[in-house]
Amino acid sequence: MKIAIANDVAMAAEALRRVVASTQEHQVLWIARTGLEAVRMCEGNRPDLILMDLNMPEMDGVEATRLIMEQSPCAILVVTGRPQDNVNQVFRALGAGALDVTATPVLQGQVGGDSELLAKIKTIGKLIRHSAEAPSPRPMQANGERSDGQVTTLVAIGASTGGPSAVAKVLSGWTAPPGCAIVLVQHIDETFASHFAKWLDDQLDMPVRVIAEGDELVAGSVLVAKTNDHLRLDQNYRLGYDAAPRDYVYRPSVDVFFHCVAQHWRGDAIGVLLTGMGRDGGDGLLAMRRAGKTTIAQDQASSAVYGMPRAAAELDAAQQILPLDRIGASLRSRLGAKLNNGWEPSPNI
């Protein structure tokens, strides 16, 4: 891939240049020292991938990501020092269209930094290729029947690029009614899944927590997949993780979870597929529709990247294709959810 670097710290930029140059698979296209310079250079010489820092003069990485995705869209990986200390900025950048985040390697002394960054770059390369390919084959599925429980309605949400802010907007300002559980599969590295759940919990009036192996569905809560393995729902309504299918580039896969819902869940269910690069989720949303569940996909105009919702539209998997600001209203209408009076959007959404 042709890779660009946006970083104002000379040592960090050089470290990134050396990592990219260490493999014959990639080349450094250009290096920008500010976010504004990255936006301008991207207009004239668009790379396949930008390694974007968050804190830069003139324009930070969040705003640069937003403008690039609007004007010259390409894959963006946030590479910044101690991303765990900049959680709000990280998720604002992911909401603006960045694909993933990792820590900046240094020239000396950081064991494993180079390999981790190269692994991220390799995964993004696969995502770029997958985004133009046919949908993935259907995941392996388990068999079985449900047993009754306190949760009667399940809302399954899948998202990727641009997903954090999109999910926050869909779920903000209301509380799920009794008997309704919400499960979210967001493409995000397991290193940041707990940070993401905490960030989302700060935006919502419903409790948000990550899913542990063997957890049950919890009414009135938002449950978030937390590992790079695929989230599954079994015939007893237990949640768990499975590394298979191992060849799926999308991890955790929305398709895998949506298929489990179609297979096992006998109550009411709503599948929602939001913005994201690639085609994950379209096939699973179709399975949910064929199983008699309600299905919704985000429209092109409001998507940060119209890949996953487009796959659903092409398969006729979505009963409704809606702009982002109408998806939450549609859910509330169908669920009879309670509006929280006096709600105003968080400035971080």
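In which loop is the place of Arg82?

A: Happy to! Arg82 sits in the loop between strand E4 (75–80) and helix H4 (87–96). Helices (H or I, at least four residues) and strands (E, at least two) are DSSP runs, numbered from the N terminus. The model is predicted, so local features need pLDDT of at least 70 and side-chain atom pairs count only at pLDDT 80 or more, while totals for chains, interfaces and linings use all residues. Residues are numbered from 1 along each chain as its sequence is written, and side-chain values use heavy atoms, with hydrogens and water left out.

Most residues other than glycine have a negative phi, and most peptide bonds are trans. Tyr237 also has a positive phi, near 65 degrees, and lies in the loop between strand E11 (230–233) and E12. Tyr237 is buried, at 7% relative accessibility; buried means under 20% relative accessible area, exposed over 50%, and partly exposed in between (1.4 Å probe, protein chains only).

Next come the cis peptide bonds. One runs from Ala244 to Pro245, with omega near -5 degrees, and Pro245 belongs to the loop between strand E12 (239–242) and helix H8 (254–264). Another runs from Arg251 to Pro252, with omega near -10 degrees, and Pro252 too is found in the loop between E12 and H8.

Now for the inside. The largest nonpolar core has 82 residues. Such a core is a set of buried Ala, Val, Leu, Ile, Met, Phe, Trp, Tyr and Cys residues joined through side-chain atoms within 4.5 Å. H7 gives the most to this core, with 6 residues. Ile50 is among the residues with the most contacts inside the core. Leaving aside neighbours within four places in sequence, Ile50 is in contact (heavy atoms within 4.5 Å) with residues including Trp30, Ile68 and Leu77.

Finally, the search of the whole structure finds 4 aromatic pairs. Phe196 and Trp199 form a stacked one, 6.3 Å centre to centre with 20 degrees between the planes. Rings of Phe, Tyr and Trp (its six-membered ring) pair if their centres lie within 6.5 Å; planes under 30 degrees apart count as stacked, over 60 as edge-to-face and the rest as tilted. Because Phe196 and Trp199 are 3 residues apart in helix H7 (residues 190–203), they are separated by about one helical turn.
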